[in-house]
Amino acid sequence: MAQDGGEDAGQGAEQFVAGLQFKEGGITVPKAHARFQLTPDFRYLEQADARRVLEDLWGNPPDESVLGLIVPRKPDLLADDSWAVVVTYSDEGYVSDEDAAKIDYAEMLTEMKKSTSEENSARKEAGYGTVDLVGWAVPPRYDGSAKKLYWAKELSFDGNAQHTLNYDIRVLGRHGYLSLNAVAGMSELAQVQKGMQELLPMTEFDAGARYADFDASTDKVASYGLAALVGGGLAAKAGLFAKIGLVLAKFWKLLLIGVVAVGAGIRRVFAGKKEKPTVS
């Protein structure tokens, strides 16, 4: 569906979306021991439908870590400026926020830019395209009372004029953290930022799984702190820019949650394939 064009493909996509089981209001995410209290501006797709959208509609590689998809009511999923929020959960342990006030995000950005640039040589040798971290689209901010961290990065692929926005939220819990990840073109920053800020207070862990419920005598503690969630939290599993698929579309879109790439109007996806791959 993601590769075919023409009127028939458009009608097929509309039927596909019409067949999705959107949920509204209070949403439970049992595997993450968390919940969303969505306003009418958002809807939710549970794991099966979320993966259908990511994999069948948008042409992404399979990813079992996806727990759900938060979808703005507007724009429509089939619109060129569509965006959605992928929900995942890490159970690697309680992430201490003791380093919150000590993090130098300007220095971190410099190091991240340098590391990303240095990796481009290896990408080229492997036949992949380049990726550059342009800067913060939204500087990192940590709400210590709510235990929520958010930031956004601006990315560039092969010098393409249309840059990519990667917006992240991390909600800290007793046993790990909930990840909300959205991707769009930089031209969509205003609407994505507004939507993600609206989602912040709608996201909470269940009683007993909240950050304040941590028991130092029994609970596992993660081997990294807040700085790693921004500068290398993704690297904790697969590498900050590892196993990333690049979408060639009207608007290029990248999703940095391990191996998922997402976009609207996709014509071709190179994700872990050796046929003219674009990003390592």
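How many bridges join E5 to strand E9? In this predicted model, for which local features need pLDDT of at least 70, side-chain atom pairs count only at pLDDT 80 or more, and totals for chains, interfaces and linings use all residues, 6 bridges join E5 to strand E9 (residues 177-185), and the two strands run antiparallel. Residues are numbered from 1 along each chain as its sequence is written, and side-chain values use heavy atoms, with hydrogens and water left out. Helices (H or I, at least four residues) and strands (E, at least two) are DSSP runs, numbered from the N terminus. Two strands are taken to pair if DSSP finds at least two bridges between them.

Strand E5 (residues 85-90) is mostly covered, with 6 of its 6 residues buried; buried denotes under 20% relative accessible area, exposed over 50%, and partly exposed the range in between (1.4 Å probe, protein chains only). In a regular strand the side chains alternate between the two faces of the sheet. Both faces of E5 are covered: Val85, Val87 and Tyr89 are buried on one side, and Val86, Thr88 and Ser90 are buried on the other.

These strands belong to an open sheet of 7 strands in the order E3-E4-E5-E9-E8-E7-E6, with antiparallel pairing. Its edges are formed by strand E3 (42-46) and strand E6 (131-143), each of which pairs on one side only. From one strand to the next the twist averages 20°, where axes are lines fitted to C-alpha atoms, for helices over the stretch in contact, and angles run from 0 to 180 degrees between N-to-C directions. Helix H2 (residues 47-57) lies across E3, E4 and E5 and runs at about 100° to E3. Helix H4 (residues 189-199) lies across E3, E4, E5, E6, strand E7 (148-157), strand E8 (164-172) and E9, at about 5° to E8. In H4, the residues Leu189, Val192, Gly195, Met196 and Leu199 are buried. Because these residues cover an arc of only 140° around the axis, they are placed on the same side of H4; the arc is that of the directions from the helix axis to the C-beta atoms. The face of H4 turned away from its buried side carries the exposed residues Ala190 and Lys194.

A further open sheet is formed by 3 strands in the order E1-E2-E10, with antiparallel pairing. E1 and strand E10 (203-205) stand at the edges with a single partner strand each, so one side of each is left without a neighbour in the sheet. The twist in this sheet averages 25° from one strand to the next. E2 and E10 are joined by 3 bridges, and arginine 35 has glutamate 204 as its bridge partner in E10.

Leucine 38 touches Gly25, Ile27, Arg43, Tyr44, Ile70, Leu199 and Met202, not counting residues up to four places away in sequence; contact means heavy atoms within 4.5 Å.

The structure holds 4 aromatic pairs. Tyrosine 94 and tyrosine 211 form a stacked pair, at 4.5 Å centre to centre and with 20° between the planes. Rings of Phe, Tyr and Trp (its six-membered ring) pair if their centres lie within 6.5 Å, and planes under 30 degrees apart count as stacked, over 60 as edge-to-face and the rest as tilted. The pair links distant parts of the chain, 117 residues apart: tyrosine 94 lies in the loop between E5 and helix H3 (105-125), and tyrosine 211 in the loop between E10 and helix H5 (226-231). Tyrosine 94 is buried, with a relative accessible area of 14%, and tyrosine 211 counts as buried at 8% relative accessibility. Tyr94, Tyr211 and Phe214 form one aromatic cluster.
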